[in-house]
Amino acid sequence: MTTRTDTDLYDATVAERARMAELLDALTPDQWAADSLCAGWRVREVVAHLNMTDTQTQEDFVAALTAAGGDVNLAVDRTARGDVARFSDAELLATQKARVASRWTPGPGATQGALAHEVIHGLDITIPLGLPGPAPEVLAATVAGATAEGLAFFGVDLTGLRLIAEDSDLVLGDGPRAVLLPTLTIVLIATGRHPVPARDAVG
């Protein structure tokens, strides 16, 4: 499997943010209001969530998390909805453009996590709208090396399965039953956005 350095991952993250900014710049009001793959969120809520790295301080999010009783998902949902209420679509787009070169990561040195954040939520927007997504090698970089613990965060269990990409070098799972799929489908499975293949229907 391709080895990607932190520089490679950062460059891919910047490119993905720029790509999404260009796509968002061409959206109609109806597209901004369209449902995303994130339940209960429209496109604008997803963009607001991506922009949280610039619109919210760490102190802001800690306060939101405390108010949500420690429920991260609830805190994130409230924050995204709050930002949609206070920012117009044009302002959300401006923030997206302004943060293209941001060095934000979800943890120290977590450059893969930063790329995954952009790519996965970008797919939440582009798939429902029928817009192009990232190249297979970029998709592969978002989940390469994913552990069982990491997959469990999304409610995914690949026990007994080995998902092999037909258009990249991505392989997830080490089970005896191999399933050949597009990289995009594997990424959607790994992030809980597509059903896991039935174990008794592959081999």
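Start with arginine 193 and aspartate 124. Their side chains meet in a salt bridge, 2.6 Å from N to O. Keep in mind that this is a predicted model.

Now zoom out. The chain is divided into domain 1, residues 1-134, and domain 2, residues 136-202. How many salt bridges are counted between domain 1 and domain 2? The count is one.

Next, the contact between the domains. On the domain 1 side, 15 residues take part, and they touch 17 residues of domain 2. How big is that interface? The size of an interface is often given as the accessible area lost when the parts come together. Here, domain 1 and domain 2 bury about 1300 Å² between them. Of that area, 67% is on carbon and sulfur atoms. The centres of the two domains, taken over C-alpha atoms, are 23 Å apart.

On to the surface. Which residues form a nonpolar patch there? Leu37, Ile127 and Leu184 do. Together they have about 210 Å² of accessible area. Take leucine 37. You will find leucine 37 in the loop between α2 (29-32) and α3 (43-55). Is leucine 37 buried, partly exposed or exposed? Its relative accessible area is 38%, so leucine 37 is partly exposed.

Last stop, aspartate 60. Look in helix α4, residues 58-67. Aspartate 60 has a relative accessible area of 34%, so this residue is partly exposed. Now compare aspartate 60 with methionine 20. In sequence, the two are 40 residues apart. In space, aspartate 60 and methionine 20 are 26 Å apart, C-alpha to C-alpha.

Note on methods: Residues numbered from 1 in each chain as written. Predicted model: local features only at pLDDT ≥ 70, side-chain atom pairs only at ≥ 80, totals over all residues. Heavy atoms only, no water. Patch = residues over 30% accessible without salt bridge, like charges linked within 9 Å, V, L, I, M, F, W, Y side chains within 5 Å. Areas by Shrake-Rupley, 256 points an atom, 1.4 Å probe, with all protein chains shown as cover. Salt bridge = Lys/Arg side-chain N within 4 Å of Asp/Glu carboxyl O. Helix = DSSP H or I, 4+ residues; strand = E, 2+ residues; numbered from the N terminus. Buried < 20%, exposed > 50% of the residue type's maximum accessible area, 1.4 Å probe, protein only. Domains from an automatic or database assignment. Contact = heavy atoms within 4.5 Å. Buried area = accessible area lost by both parts, 1.4 Å probe.
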